[in-house]
Amino acid sequence: MIIQYLYYAAGIVSGLIGMEFIARLTHKYLMHGILWPIHKDHHIPSGRRFQRNNLFALFFAFISMSLFIASFETKDFIYMSFGIGMLFYGILYLIIHDMIIHNYYLHLRNRKHSRYINKLIEVHELHHINDGRGKGMNWGFLLYIPGIDKTRVDLERINSKKNLDTLKQ
Ligand SMILES: [Zn+2]
Ligand SMILES: [Zn+2]
């Protein structure tokens, strides 16, 4: 029985963490690629209250619900575990990306945040500054991965190295 619970707990955790990597890949290769017309109004506000970009959240909510339904149909709750993980991801995304980083809805941006959240804010802000299609950076939302995600200090280091290289030539 306990093994069964651990199995479902592992499903929830992998749904939650797996979503960050699915979101990163979708963000880099689709949202800033062929699906740019849907993501664009998150970078360049259209003035409308509903961002077309929210369709991505709806799409993932639909998948999460389908996983719940798959569990009711098959009586195997592993699908629902993934769905719950995705649901948690969606809630955290709403709080961290929408309400804290972008200050939407409940306007949580100017509260005191942990160092980790401040890092997420910085990294995502750099995504918005360097949002050029193809040559953008920092595709994640809820995880900061050193070495992959660039901070201001990383960018300064890269730029000063570039300047040194041009001086050497
Ligand atoms: Zn983007
Ligand atoms: Zn954003």
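The model is predicted; local features need pLDDT of at least 70, side-chain atom pairs count only at pLDDT 80 or more, and totals for chains, interfaces and linings use all residues. Residues are numbered from 1 along each chain as its sequence is written, while chains are lettered from A and ligands numbered from 1 in the order in which they are written.

Helices here are DSSP runs (H or I, at least four residues; strands are E, at least two), numbered from the N terminus. Helix α1 covers residues 2-34 and helix α4 residues 78-101. Their axes come within 7 Å and cross at roughly 40°. Axes are lines fitted to C-alpha atoms, for helices over the stretch in contact, with angles from 0 to 180 degrees between N-to-C directions. The pair is therefore oblique (under 35 degrees is roughly parallel, over 145 roughly antiparallel, 65 to 115 roughly perpendicular, the rest oblique).

Helix α5 spans residues 115-129. The axes of α4 and α5 come within 11 Å and cross at roughly 70°. These two helices are therefore roughly perpendicular. Ile96, Ile100 and Ile101 of α4 meet Ile117, Leu120, Ile121 and His124 of α5 (contact: C-beta atoms, placed from the backbone, within 7 Å). By class, this contact has six nonpolar, one polar and no charged residues (Ala, Val, Leu, Ile, Met, Phe, Trp, Tyr, Cys and Pro are nonpolar; Asp, Glu, Lys and Arg charged; the others, Gly among them, polar).

Terms used: Contact = placed C-beta atoms within 7 Å.
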